[in-house]
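Please keep the sequence and the structure at hand while reading.

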Amino acid sequence: LKLNSNEMVISLTGFMGCGKSRVGYELSKKLGLRFVDLDRAIVLRSGKSIEELFENGEPYFRAVELDTLRAVLSRSTGDSIVLALGGGTVTIPEALDLILSSTTSFYLKSSFERISANLAQSAVRRPLFDADAASLLASRGPLYEKAAFTIETDDKTPQMIAAEIAALLER
């Protein structure tokens, strides 16, 4: 898989609160690549918070998310980046196709207990994290599992997870 001078988009997927942004940042530092957080890119492009975009309904938000993903991928042509996806990005069929065909994807697989603990410490409000979050995680699992690699994240620091991904990329 060798990370070389060719362009490579390394994407991180998984449920909200699994550490995609923190791991992505650590991985980008470790590999010397630009880091893009898709949620942050959405906010910068739209001028609205994720929560404000969700006020127009999830389908509206997903359309903005897909549009932003396309823009990020087209802007990264010729350049390698680490991309932290949103927890629901894979639920958009066209986005999932793009992720699987034009990125090297890693599923950061966390237990629901770990996710709940991470979110309890986070200042970020998650519009979709509620009483149905466990069933939402279960329904998205098969989509996350389509990633090229699955990394178990429980009991690992973001630095440990980034090192594990870097080692896989260097094979």
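In which strand is the place of Glu 152? Glu 152 belongs to strand S5, which covers residues 149–152.

## Model and overall make-up

The model is a predicted one. The protein chain has eight helices and five strands. Along the sequence these follow the pattern β-α-β-α-α-α-β-α-β-α-α-β-α.

The protein chain has 171 residues, of which 45% count as buried. Of the contacts between residues at least 6 apart in sequence, 76% join residues at least 24 apart.

Glu 152 is 44 residues away from Leu 108 in sequence, while the C-alpha atoms of the two are 6.2 Å apart in space.

Ser 110 sits in the loop between strand S4 (104–109) and helix H6 (112–121). Is Ser 110 buried or exposed? Its relative accessible area is 9%, so Ser 110 is buried. The side chain of Ser 110 forms a polar contact of 2.4 Å with the side chain of Thr 153. Neighbours within four places in sequence aside, the residues in contact with Ser 110 are Cys 18, Ile 115, Thr 153 and Asp 154.

Asp 155 lies in the loop between S5 and helix H8 (158–169). Asp 155 counts as exposed because its relative accessibility is 74%. Most residues other than glycine have a negative phi. Asp 155 is not a glycine, yet its phi is positive, near 65°.

Which residues of helix H2 are buried? In this helix, residues 38–46, the buried ones are Leu 38, Ala 41 and Ile 42. Viewed down the axis of H2, these buried residues fall within an arc of 105°, so they line one face of the helix. An α-helix has 3.6 residues a turn, so residues three or four places apart point the same way. On the face of H2 turned away from the buried side are the exposed residues Arg 40 and Leu 44.

At the start of H2, a side-chain oxygen of Asp 37 comes to within 3.1 Å of the backbone nitrogen of Asp 39. After H2 comes Gly 47, which has a positive phi near 75°.

## Packing of H2

What do the buried residues of H2 pack against? Their partners are strand S2 (34–37), helix H3 (50–54), helix H4 (58–75) and strand S3 (81–84).

Two packed helices are described by the angle between their axes and the distance between the axes. For H2 and H4, the axes come within 9 Å and cross at roughly 100°. That angle makes H2 roughly perpendicular to H4, because angles of 65 to 115 degrees count as such. On the H2 side, the contact is made by Leu 38, Asp 39, Ala 41, Ile 42 and Arg 45. On the H4 side, Phe 61, Val 64, Glu 65, Asp 67, Thr 68, Leu 69, Ala 71 and Val 72 take part. The residues of this contact of H2 with H4 comprise eight nonpolar, one polar and four charged.

Key
Residues numbered from 1 in each chain as written. Predicted model: local features only at pLDDT ≥ 70, side-chain atom pairs only at ≥ 80, totals over all residues. Heavy atoms only, no water. Buried < 20%, exposed > 50% of the residue type's maximum accessible area, 1.4 Å probe, protein only. Helix = DSSP H or I, 4+ residues; strand = E, 2+ residues; numbered from the N terminus. Arc of directions from axis to C-beta. Contact = heavy atoms within 4.5 Å. Polar contact = N/O pair within 3.5 Å; in protein donor to acceptor, adjacent residues only side chain to side chain. Axes fitted to C-alpha atoms, helices over the stretch in contact; angles between N-to-C directions. Parallel < 35°, antiparallel > 145°, perpendicular 65-115°, else oblique. Nonpolar A, V, L, I, M, F, W, Y, C, P; charged D, E, K, R; others polar.
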